[in-house]
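Here is a short briefing to read alongside the sequence and the model. Keep the 3D view open as you go through the points.

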Amino acid sequence: MSSPTGPASGLPVRMPRPRQPGRHRRPEPLAAPEGAPALVLAVPGTTSAATRSLAEEVVSIARSELPGLDARIGYLDGDDAEFPTLQSVLTRAAEERTARYEQARAAGADVTQPDGPVAVVVPLLAGPDNALLRRVRQAVMESRIAADLTDVLGPHPLLAEALHVRLSEAGLARADRARLFTVATAADGIILASVGGEEAVQAAGITGMLLAARLAVPVMAAALDEEGAIAATAEQLRGSGSQQLALAPYLIGPEIDAGLLDAAAKEAGCSAAEALGPYPAIGKLALAKYTTALGIAQQPQGAPVR
């Protein structure tokens with residue numbers, strides 16, 4: 001039994017571990033500030049169980065990186081029943097913030113009226129797509145809720161990593177650069193497929209250069225939504241010496257019809273990798289857009305604290 005001064009004799013005493021001094025001590029875990037705006041993931045494309053599962057996994061990754069994060073999902077083509085629209089999600093976030101403030105005042109707490117954005121809206125897009133981004137902006141405006149809208153997730157080195165993983169999963173690239181083992185079906189030329197016009201192709205090309213450096217093969221970006229662009233890019237790669245091509249979608253998934261990817265692969269006469277989907281980097285990049293918008297510094301895991 002324990003005594004008033006501590007555990008009885010013979011029982012182990014667990015003492016708090018002392019904080020390691022110096023510049024190499026482990027950083028304190030970052031948590032979302034109290035009352036911080038919600039992160040609202042704006043999901044384009046046709047709603048489905050697969051789309052919801054993908055979006056939920058992305059926000060789950062973001063929550064795991066920032067404890068206490070209020071992360072929500074709004075669909076551009078939602079029905080406000082099973083799939084809430086972006087407008088309704090923003091409206092609900094504003095109503096809940098007001099309700100919390102009023103409850104705190106009723107309880108006698110000394111609180112100030114909330115101001116600033118109710119939410120930070122992060123489009124679930126790897127690259128720019130002006131048509132979809134206009135719809136996101138319109139939804140935010142129509143909600144009449146104060147919300148910040150971030151840029152799309154790419155270009156970014158983490159997306160090059162995700163593309164590499166998807167290609168390796170399909171047997172179209174080496175899984176590990178360090179081991180340098182070969183894959184019989186590995187591609188010697190990659191078509192990076194994007195949607196959103198020329199701006200999207202240029203943005204994909206930046207990530208494509210990073211992917212080319214990882215795989216040591218040529219990578220060229222092309223527009224899925226431009227007739228003949230995929231076939232022309234395939235011809236250009238073959239003309240420069242590539243014989244075994246692969247199609248890598250520079251897409252997260254919901255924003256494009258899967259049939260368009262299949263048609264593009266047939267047009268190019270090559271195999272295709274899966275879309276990026278809920279790869280962990282997608283959730284981390286969505287969170288990075290949120291924290292940057294709020295001016296919250298993220299401490300890289302394992303980095304020394306000066």
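Predicted model: local features only at pLDDT ≥ 70, side-chain atom pairs only at ≥ 80, totals over all residues.

Residues are numbered from 1 along each chain as its sequence is written, and side-chain values use heavy atoms, with hydrogens and water left out.

**The chain overall**

- The protein chain has 8 helices and 8 strands, taken as DSSP runs numbered from the N terminus (helices are H or I, at least four residues; strands are E, at least two).
- Of its 306 residues, 43% are buried; buried means under 20% relative accessible area, exposed over 50%, and partly exposed in between, with a 1.4 Å probe and protein chains only.
- Among contacts with a separation of 6 or more, 74% link residues 24 or more positions apart, where contact means heavy atoms within 4.5 Å.

**Nonpolar cores**

- The largest nonpolar core holds 49 residues, and L41, L167, I190, L211 and I282 touch the most other members. Such a core is a set of buried Ala, Val, Leu, Ile, Met, Phe, Trp, Tyr and Cys residues joined through side-chain atoms within 4.5 Å.
- Helix α8 (residues 280-294) supplies the largest share of this core, with 6 residues.
- A second, separate core has 20 residues, including A38, A119, L132 and V152.
- Beyond residues up to four places away in sequence, L167 touches L172, A173, I190, L211, L215, A246, A248 and A273.

**Helices α6 and α7**

- The axes of helix α6 (residues 229-239) and helix α7 (residues 258-268) come within 8 Å and cross at roughly 35 degrees. Axes are lines fitted to C-alpha atoms, for helices over the stretch in contact, and angles run from 0 to 180 degrees between N-to-C directions.
- On the α6 side the contact uses I230, A231, A234 and R238, and on the α7 side A264, E267 and A268.
- These contact residues divide into 5 nonpolar, no polar and 2 charged. Ala, Val, Leu, Ile, Met, Phe, Trp, Tyr, Cys and Pro count as nonpolar, Asp, Glu, Lys and Arg as charged, and the others, Gly among them, as polar.

**An aromatic pair**

- The whole structure contains 1 aromatic pair, meaning rings of Phe, Tyr and Trp (its six-membered ring) with centres within 6.5 Å; planes under 30 degrees apart count as stacked, over 60 as edge-to-face and the rest as tilted.
- Y75 and F83 form this edge-to-face pair, at 5.2 Å centre to centre with 90 degrees between the planes.
- Y75 counts as buried because its relative accessibility is 3%, and F83 is buried too, at 6%.

**Single residues to look up**

- E57 sits in helix α1 (residues 49-65) and, at 37% relative accessibility, is partly exposed. E57 and Y279 are 222 residues apart in sequence, yet 8.8 Å apart in space, C-alpha to C-alpha.
- S143 belongs to helix α3 (residues 130-143) and is buried at 10% relative accessibility. Leaving out residues up to four places away in sequence, S143 touches Q87, L90 and T91.
- E255 lies in the loop between β7 (245-249) and α7, and its 13% relative accessibility makes E255 buried.
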